[in-house]
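Please look through the sequence and the model below. A short report on the fold follows.

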Amino acid sequence: MAASSVLAFWAVAFLLIVVPGADWAFTIGAGLRGRSVYPAVSGLIVGYAAITLVVAAGVGALVAGSPAALTGLTLVGGLYLVWHGAMTFAHPATPDAPAGGPAGTDWNTFLRGIGVSGLNPKGLLLFLALLPQFTDPHGAWPVAGQIGVLGLTFMATCALFYLCLGALTRTVLHRRPAAARLVSRLSGAAMIGLGAWLIVQ
């Protein structure tokens with residue numbers, strides 16, 4: 001696979017990653033609430049890994065070609081984002097909360113991260129529309145392998161960016177509980193808005 005294709009994909013993917021969205025909101029909330037952002041970011045990456053596997057296996061194209069399946073996925077993803085956003089808005093993360101919270105919080109954060117990225121129909125459609133454009137059907141590597149490389153590139157970039165975002169959130173807002181609550185509530189509202197938009201489409 002040509003390095004130029006991977007680099008071109010990385011540039012486009014990076015621009016998409018730095019645009020605030022549900023992943024941002026989730027990472028910011030996790031950065032304020034937990035001892036570490038690793039469970040949250042790991043969950044996001046596992047969700048994107050699942051989407052990569054689905055697209056590489058050709059299942060994503062089948063879903064995109066089925067209006068009923070796509071509508072169902074959109075509704076599930078939208079409802080999940082609305083629920084998660086409402087919980088975030090009602091119980092904003094603050095730096096003065098007990099570090100790590102109750103037992104199992106890291107595991108729950110990890111699972112929620114999978115849901116945020118893995119149930120996001122926009123993410124699936126993005127992968128369906130974006131990944132194939134950077135593959136070469138006549139290349140030495142099979143298309144599924146090329147999609148895997150591009151997916152890994154996206155996941156590595158996500159991991160680095162969101163780990164930095166989470167660390168920055170903790171550093172900047174750690175001593176500002178009022179600002180932290182405001183940012184957390186804005187993040188929750190953003191997820192609610194995105195989820196509602198997906199539902200009504």
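How many Å should the 14 residues of helix α6 span, at 1.5 Å a residue? Helix α6 (residues 105-118) should span 20 Å, and its end C-alpha atoms are 19 Å apart, which agrees. The expected span of a helix is 1.5 Å times one less than its number of residues.

This is a predicted model: local features need pLDDT of at least 70, side-chain atom pairs count only at pLDDT 80 or more, and totals for chains, interfaces and linings use all residues. Residues are numbered from 1 along each chain as its sequence is written, and side-chain values use heavy atoms, with hydrogens and water left out.

**The overall fold**

The chain holds nine helices and zero strands. Helices (H or I, at least four residues) and strands (E, at least two) are DSSP runs, numbered from the N terminus. Read from the N terminus, the order is α-α-α-α-α-α-α-α-α. The chain has 201 residues, and buried ones make up 42% of them. Buried means under 20% relative accessible area, exposed means over 50%, and partly exposed lies in between (1.4 Å probe, protein chains only). In α6, the buried residues are Thr-105, Thr-109, Phe-110, Gly-113, Gly-115, Val-116 and Ser-117.

**The core**

The largest nonpolar core has 41 residues. Such a core is a set of buried Ala, Val, Leu, Ile, Met, Phe, Trp, Tyr and Cys residues joined through side-chain atoms within 4.5 Å. Phe-9, Val-55, Phe-154 and Tyr-162 have the most contacts inside this core. The elements that give two or more residues to the core include α1 (3-17), α2 (22-33) and α8 (143-173). The most comes from α8, with ten residues.

**Helix α2 and its partners**

Helix α2 has twelve residues and reaches 17 Å from its first C-alpha to its last, close to the expected 16 Å. Eleven of the twelve are buried, so this helix is mostly covered. Among the buried ones are Trp-24, Phe-26, Ile-28 and Gly-31. Phe-26 counts as buried because its relative accessibility is 4%. For Gly-31, also in α2, the relative accessible area is 0%, so Gly-31 is buried.

| Pair | Apart along the chain | C-alpha to C-alpha |
|---|---|---|
| Phe-26 and Ser-187 | 161 residues | 7.3 Å |
| Gly-31 and Leu-173 | 142 residues | 9.5 Å |
| Ile-28 and Ala-167 | 139 residues | 9.0 Å |

Ala-167 is found in helix α8. Its relative accessible area is 40%, so Ala-167 is partly exposed.

**The surface**

Which residues form a nonpolar patch on the surface? Leu-7, Trp-10, Phe-14 and Leu-15 do, with about 410 Å² of accessible area together. Patches are made of residues with over 30% relative accessible area and no salt bridge: like charges are joined within 9 Å, nonpolar side chains (Val, Leu, Ile, Met, Phe, Trp, Tyr) within 5 Å. A salt bridge is a side-chain nitrogen of Lys or Arg within 4 Å of a carboxyl oxygen of Asp or Glu. Accessible areas come from the Shrake-Rupley method with a 1.4 Å probe. Leu-7 lies in helix α1. At 57% relative accessible area, Leu-7 is exposed.

**What the record says**

An unreviewed UniProt entry places the feature "transmembrane region" at residues 37-63, 70-90, 110-131, 143-162 and 182-200. Such annotations may be inferred rather than shown by experiment. In the model, residues 143-162 are 100% helix and 0% strand, with end C-alpha atoms 28 Å apart. Residues 182-200 are also 100% helix and 0% strand, and their end C-alpha atoms lie 27 Å apart.
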